[in-house]
Amino acid sequence: MNNVIRIILSCFFIYALQSCSEDGIDETGTGSLVGTVVSSGNNTPLANVKITTTPSSTTVFTNDQGKFAIDQIAAGEYSVQAELDDFQTAFEGTTITIGNTSNVVFELDISTANNRPPSTPILISPEDNEILENIEANFIWSSSDPDDDVLSYTLELRNGNNNEIQRFENITDTTFTVSPLTIGTKYFWQIIATDNINDPVGSAVSAFEVTSSPTENRFLFVRNINGNNVIFSANEDGDEFQLTDSNTNSFRPRRNVAAGKIAYFQTSGSQIDIFTMNRDGTEKTKITSSVRPNGFNLSEIGFSWPANSDKIYFPNFNRLYSINTNGQGLTQIYETTDGSLISEVSVSQNNNMIALKTNDINGYNVEIFTIDMSGTLLQTILTGVAGAASGLNLSATNQRIMYARDVSGFEDASGAYRRFDSRLFIYEFTSGVENEVSYQKPGGTNDLEPRFSPNEAEIIFTNTSNDGISQRNVFKIVIEDDDSRELLFENAFNPDWE
């Protein structure tokens, strides 16, 4: 009996021991996981890549060599994830076995790998083989991006005469203005679009031509374009040519036939300078520097460049200056005796007489008079008349002077300098008589800015509504014909005719 019990107990002990040795095999074993993360294409190691697993284990980050390691990870099947900003998240499968080290390698693509390039730019303006009537080109195109990426553009402009290429880069809009262009030249242009991700995309190449030199155009005027005053020339047939950039504010052009140049005002902030340019709009040169034209209202002051003279005359508050067209020889010519402001000047062609218009700080208490070159008063033409006056212009013979004045006598205390019934007058020096020449002027309008024609038989001038905000237009009349009012240029002002 005891032997039987002893045998049974011995068997039970052996069975229990065998059972204990089998529990924990495979179920409690661990291994290790190591790996490397590099950038796809160039195999550059990537640091600070976040490494996680599914099922979850320890989260680690790669070192500067793109290496990582996870120790004591339970045996089994895993999905390993590599995650880094600006790169696409990647996954690799691996099996961890007991006592062994598994290795994975990640090649991460940048997050824009599936990004699509911009559409091919479509050129809109100038149209292919268009002929431009100005020295400024406003380039317009269209392009889009399928992923709504921000696009920038490069404009390549090639001069067909000398093959010189201009590149205008980092343009963020689909319009761009280039000035000045060379007259009589054919240009070729192309737009290149980039999203700074994909390779740049270029448009087709288009051509345009700048018309031949308009140096014989005898009319000058100003037109407002997008808030800036822009100078144009035109011929007798009304063909127009833009001379100044629409991105600058240029006005009051005066042509000097002998010099073959045009002088004009150009603003920079709150200041005005006198510039000159060739009659085709090239070679723009700033003349004034230390002393600039100035007065009660910058849009109401004027200057004079007499024929056969290298001097330009301009006002600076209560003083009159002359300056050579090369910017040298600044000279004070005259100073008012009562402190009144000089607003306009007209110098005779033979340089022996100067006509001046003066006024107070509000533009009123107007006087028009003439002086000799030494500043001695010669003749008073207008004084003691209420209201505004402007547009001073001496005749070539020094026998007449023309101006505009508001016969309503209105004086605007608000500073708007509004006129209600401005008319044109010619004053005869020999008789001392003032004659009105505003033939057929429509009611409720103002005639302004008169200039004699080259033969002084006609007058060119500006007409506009007296509301002060309506469109201005340039007309001409024949002095001896009271039925001759004729529209020359619409949406135009500051005329000149030489």
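Rings of Phe, Tyr and Trp (for Trp, the six-membered ring) are taken to pair if their centres lie within 6.5 Å, and a pair counts as stacked when the planes are under 30 degrees apart, as edge-to-face when they are over 60, and as tilted otherwise. The structure is a predicted model, in which local features need pLDDT of at least 70 and side-chain atom pairs count only at pLDDT 80 or more, whereas totals for chains, interfaces and linings use all residues. Residues are numbered from 1 along each chain as its sequence is written, and side-chain values use heavy atoms, with hydrogens and water left out.

Phe139 and Trp189 form a tilted pair, with 4.8 Å from centre to centre and 55° between the planes. This pair links distant parts of the chain, since Phe139 lies in strand 10 (residues 137-142) and Trp189 in strand 14 (residues 186-194), 50 residues apart; strands are DSSP runs of E with at least two residues, numbered from the N terminus. Both Phe139 and Trp189 are buried, that is, under 20% relative accessible area with a 1.4 Å probe and protein chains only. The ring centres of Trp141 and Tyr153 are 5.5 Å apart and their planes stand at 70°, so this pair is edge-to-face.

Elsewhere, Phe219, Phe221, Phe232, Phe489 and Trp497 form one aromatic cluster. A charge sits over a ring if NZ of Lys or CZ of Arg is within 6 Å of the ring centre and within 35 degrees of the ring normal. The charged end of Arg405 is placed in this way over the ring of Phe425, 4.5 Å from its centre, and that of Arg472 over the ring of Phe493, 3.5 Å from its centre.

Note on methods. Helices (H or I, at least four residues) and strands (E, at least two) are DSSP runs, numbered from the N terminus. Buried means under 20% relative accessible area, exposed over 50%, partly exposed in between (1.4 Å probe, protein chains only).
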